[in-house]
Amino acid sequence: MSNQTQRLQLPSTVMQDRILWRYAVVLVVMHALALLAVIPWLFTWTGLIACVVGVFFFGQGINFCYHRLLTHRSFVVPKWLERFWVVIALCCLEDTPCKWVTTHRHHHKHSDHEDDPHSPLVTFLWSHFQWVTRHNTATRTTDAYHYYTKDILSDPFYMALEKRLLLAPMIFLAHAALFLVAGYGIGWWQTGTMAGALQMGLSLLVWGVFLRVVLVWHITWSVNSLTHTWGYRNHDTPEHSRNNWIVALLAVGEGWHNNHHHDQASASNQHRWWEIDLTYYHIALLKRLGLARKVVAPKHIRRAAQAERRLEAAPQTEQRSTADAGV
Ligand SMILES: [Zn+2]
Ligand SMILES: [Zn+2]
């Protein structure tokens, strides 16, 4: 399916007039806070480095953990490591694991069809961020969470994040406070003045948290909007997914989205040698270190392994049937 002129109505499960204010307000406030980065007094090289490194490090909370580990179960890591990355993902303010995974599994079930929670065939802006601010009975109800994420909710920590509504925001605020305090300490150490300490503390908060959060949002949202709109296709999948190299660079491999839709279970999105997938290299490194297990190989390797297993089993079956026949 590649006819981009096709248009979709909003899913019938979306309540257009029911705005989720807590999401809408956070979205507007965080963008306003990120704009503080234009104030020259708040610029420091440390803040800029914290922002750039943070986009990739905290982004792994979403790409590596929420997406490939929790949504698709493309590999397994020890529970302590999984929860560490869930905490990092919570610092991106992209909702709890249960809610994120519910929306994404629903997306894969209905991609670019009427029930897709964020198809650009409705409008580009709907797929990019507007869907976040509207109630959708297919993805934002307790029934939906139980239908899509029984496996996630069986973990007491992830269940606690659903039951104690302040837990996830508190984790986010604690990490923001940590950036402020660390910056204050660095500034004091560098300048020995209160003004220097305050400047560095606020710089790390604005660049290392507010701006970084907004950038990670737009990168994640681009996977929903841009990579279902612009790019090339390696596979004739039954939706409009694309491989978009800009998104692939920023979202460290998630932009090879047509490859991903073709082979959702695979830990790797790299189907050609130049389709670099840093998130997969992260997984491969953990496998090397003995920390990642059950890493799902690409489809063609899984099929070859299956065929090999069938071939190995065939002579035995043949031998058995010959023995049964008393030959
Ligand atoms: Zn998609
Ligand atoms: Zn996916």
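Guide: A nonpolar core is a set of buried Ala, Val, Leu, Ile, Met, Phe, Trp, Tyr and Cys residues joined through C-beta atoms within 7 Å. Note that this is a predicted model.

Visitor: Which residues touch the most other members of the largest nonpolar core?

Guide: In general, nonpolar side chains tend to be buried together in soluble globular proteins. Here the largest nonpolar core has 57 residues, and Cys65, Ala89 and Cys92 touch the most other members. Helix α10 (residues 194-225) supplies the largest share of this core, 14 residues. Apart from it lies another core, of five residues, including Leu121 and Trp131.

Visitor: What does Cys65 touch, not counting residues up to four places away in sequence?

Guide: With those set aside, Cys65 touches Gln60, Leu70, Trp85, Val86 and Ala89.

Visitor: How many helices and strands does the protein chain have?

Guide: There are 14 helices and two strands. Of the 327 residues, 40% count as buried.

Visitor: Which domains does the domain assignment give?

Guide: The assignment gives domain 1 (14-288) and domain 2 (300-327). Their C-alpha centres lie 45 Å apart. The C-alpha atoms of the chain fill a box of roughly 95 × 45 × 40 Å along the principal axes.

Definitions and conventions. Residues are numbered from 1 along each chain as its sequence is written. Chains are lettered from A and ligands numbered from 1 in the order in which they are written. This is a predicted model: local features need pLDDT of at least 70, side-chain atom pairs count only at pLDDT 80 or more; totals for chains, interfaces and linings use all residues. Domain bounds come from an automatic or database domain assignment. A residue is buried if 20 or more other C-beta atoms lie within 10 Å of its own, exposed if 12 or fewer, and partly exposed in between; C-beta atoms are placed from the backbone. Helices (H or I, at least four residues) and strands (E, at least two) are DSSP runs, numbered from the N terminus. Two residues are in contact if their C-beta atoms, placed from the backbone, lie within 7 Å.
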